[in-house]
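Let's take a friendly walk through a protein model. Have the sequence and the 3D view open as you read.

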Amino acid sequence: MTRDASVVDERRSPAGDTPRGLDVAAFGAVGLSVAATVLIGLLGPSAMVPRLPGPSWHPPYSLEAHPGAHLVIAMGAFAIVLGGLGLAAALRSRWKPDPRWLLAAGCAVAGLLAFLPPSGSADHLNYAAYGRLVTLGQDPYAITPATLPGDPVTGAVEEWGGVTSVYGPVATAVQALASLVGGDSVRLTVFAMAVVNAAAFAGTALLLHRFARGNADLQRRAALLWTVNPLMIYHLAAGMHVDTLAIACMVAALTVRGAASGLLLGVGIGVKLNAGLVALGPAWELRRSPGRLAVVAGTATATVVAVYAVAGPHVLDQVSAASKKVSLATPWQLVKAGLQSLFGPGAYSAWIQVGSLLLMACLAWLVLRVLRPQGASGTLGTSPADTAPAVAAAMVVAWLFAAPYALPWYDGLAFALLAMASWPALEAFMVARVVVLSLGYLPAREALRPDDLLWTKTLLRETVVPWTLLALTAALAWWAARAGRRARRRPASAAPRP
């Protein structure tokens, strides 16, 4: 019997087509988590959903039910925990639903969420303000939204009104176009950005589906890691973070070749600078083809230089300032507290920057050692081949675990890359990480947290989450070291078929 025939028979077997009780529970948990995320937005302004000034007939729409803070924060925790458990179980499920149905369901949810107000944070109000500044002839990299407090759009910013833009010129261009559409209406401006965000989310889903064409199992796994991933829907489809656009560019760059790949890499870096880590994947894959590497690298470099040059001399000011910050939920917050007690305020910055780079290099080296190159027969072991998506995934995962400043929606880039690389062990670490980090940011809107839930910041975000992530980082290093040793001892030619 040929290999193709055996695959067909396996897919038609009852074990694959008939869900067991655990399979139903896993996919049911995923569905309930997504439903909770949709409901948070549908209920309207709350501690999780910022109010959007503007005519009520402008999209996005909601029930304007004004639910209590305790209720929506509990719904957010429910969506995160249930989504993480359901996703982890679904990734190991024996049930084989048609990946096209998963693709359609995820894209439909992303489209629906575009018509609901964004939830989870107030970042989209900043996006609208930066776009507004551009349309008013101001430089968002030099002027803060607080400079124009009387403006109907810049005046709506909640927590970051005194901060200039940290986003790349391509993101700012999208924000400016949305501002041209929305005018004085925050609602319409946010909706215009939400449409772009939904298109980027669905476009990434389609690219991942096409990338795995010919292999329904890989398409199904890609759909679970991105398209119907309840944690990515929570942060990127419902949260409407600019990371979605950067991810779409980077995934697209890994699906094409030559100058087109370089151009898309450059555009992605033009959205968020740290997305440039993905470029290390194609660079590694093309290391033995200097001519092709020169085309990709040259095009990417020229694109980055062009878009950042157009943005003016202050485009990197806030990026430089942000590189010295430490977010409350990372393990580096524990290091920061210790260094401050020894050297005083501000003395920790250089130490942490150097330490994070060393940790990233160490983690990247350990994880990259796990990669197994293709053998002469083209077969793979239990680890992915050293292709561009796999190398890029290793670098991004190392960065996320080592970064002093990290927020849960940053993890979306790793999930998209893992959807291309199919790396179950790293997937498990990333699911655990994003669940823990997400719980530390409930809600991300500091001013709307009830006083009796202050412990979610002082205890959960500042203590429990950093220590848990520290343990998870140690576990990642331990696993990578052991798996790397096993991979080096096993000949690639002896690897079994996946």
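Predicted model: local features only at pLDDT ≥ 70, side-chain atom pairs only at ≥ 80, totals over all residues.

Residues are numbered from 1 along each chain as its sequence is written, and side-chain values use heavy atoms, with hydrogens and water left out.

**The core**

Let's start on the inside. A nonpolar core is a set of buried Ala, Val, Leu, Ile, Met, Phe, Trp, Tyr and Cys residues joined through side-chain atoms within 4.5 Å. "Buried" means under 20% relative accessible area, "exposed" means over 50%, and "partly exposed" is in between (1.4 Å probe, protein chains only). The largest core here has 144 residues, and W226, V278, V396, W423 and W479 have the most contacts inside it. Its largest share, 14 residues, comes from helix α18 (residues 388–402). Helices are DSSP runs of H or I with at least four residues, numbered from the N terminus.

Take V396 as an example. Setting aside neighbours within four places in sequence, V396 is in contact (heavy atoms within 4.5 Å) with L277, V278, L413, A414 and L417.

**Helix α12 and its cover**

Helix α12 (residues 258–271) has 14 residues. From first C-alpha to last it reaches 21 Å, close to the 20 Å expected at 1.5 Å a residue; that expected span is 1.5 Å times one less than the number of residues. Which residues of α12 are buried? They are S261, G262, L265, G266, G268, I269, G270 and V271. What covers them includes α7 (169–182), α11 (243–253), α13 (280–285) and α14 (290–310).

T303 lies in α14. With 11% relative accessibility, T303 counts as buried. Leaving out neighbours within four places in sequence, T303 is in contact with G262, L263, G266 and V267.

**Salt bridges**

Next, the charged pairs. A salt bridge is a side-chain nitrogen of Lys or Arg within 4 Å of a carboxyl oxygen of Asp or Glu. By this rule the count comes to 14. Here are some of them:

| Pair | N to O distance |
|---|---|
| R221 and E427 | 2.6 Å |
| R449 and E446 | 2.8 Å |
| R461 and E446 | 2.4 Å |

What does the R221 and E427 salt bridge, at 2.6 Å, look like along the chain? R221 sits in helix α9 (residues 216–227) and E427 in helix α20 (residues 424–439), so the pair ties together parts that are 206 residues apart in sequence. Both ends are tucked away: R221 is buried at 16% relative accessibility, and E427 is buried at 1%.

E446 pairs with R449 and also with R461. R461 belongs to helix α21 (residues 455–489), while E446 is in the loop between α20 and α21, 15 residues apart, and this pair links distant parts of the chain. R461 counts as buried at 3% relative accessibility. R449 is buried too, at 8%, whereas E446 is partly exposed at 28%.

**A patch on the surface**

Finally, the outside. L39, L42 and L63 form a nonpolar surface patch with about 240 Å² of accessible area together. Nonpolar patches are made of Val, Leu, Ile, Met, Phe, Trp or Tyr residues with over 30% relative accessible area and no salt bridge, their side chains joined within 5 Å. The areas come from the Shrake-Rupley method with a 1.4 Å probe, and only the protein chains shown count as cover. L39 is found in helix α3 (residues 21–43) and, at 35% relative accessibility, is partly exposed.

How values were computed
Helix = DSSP H or I, 4+ residues; strand = E, 2+ residues; numbered from the N terminus. Patch = residues over 30% accessible without salt bridge, like charges linked within 9 Å, V, L, I, M, F, W, Y side chains within 5 Å.
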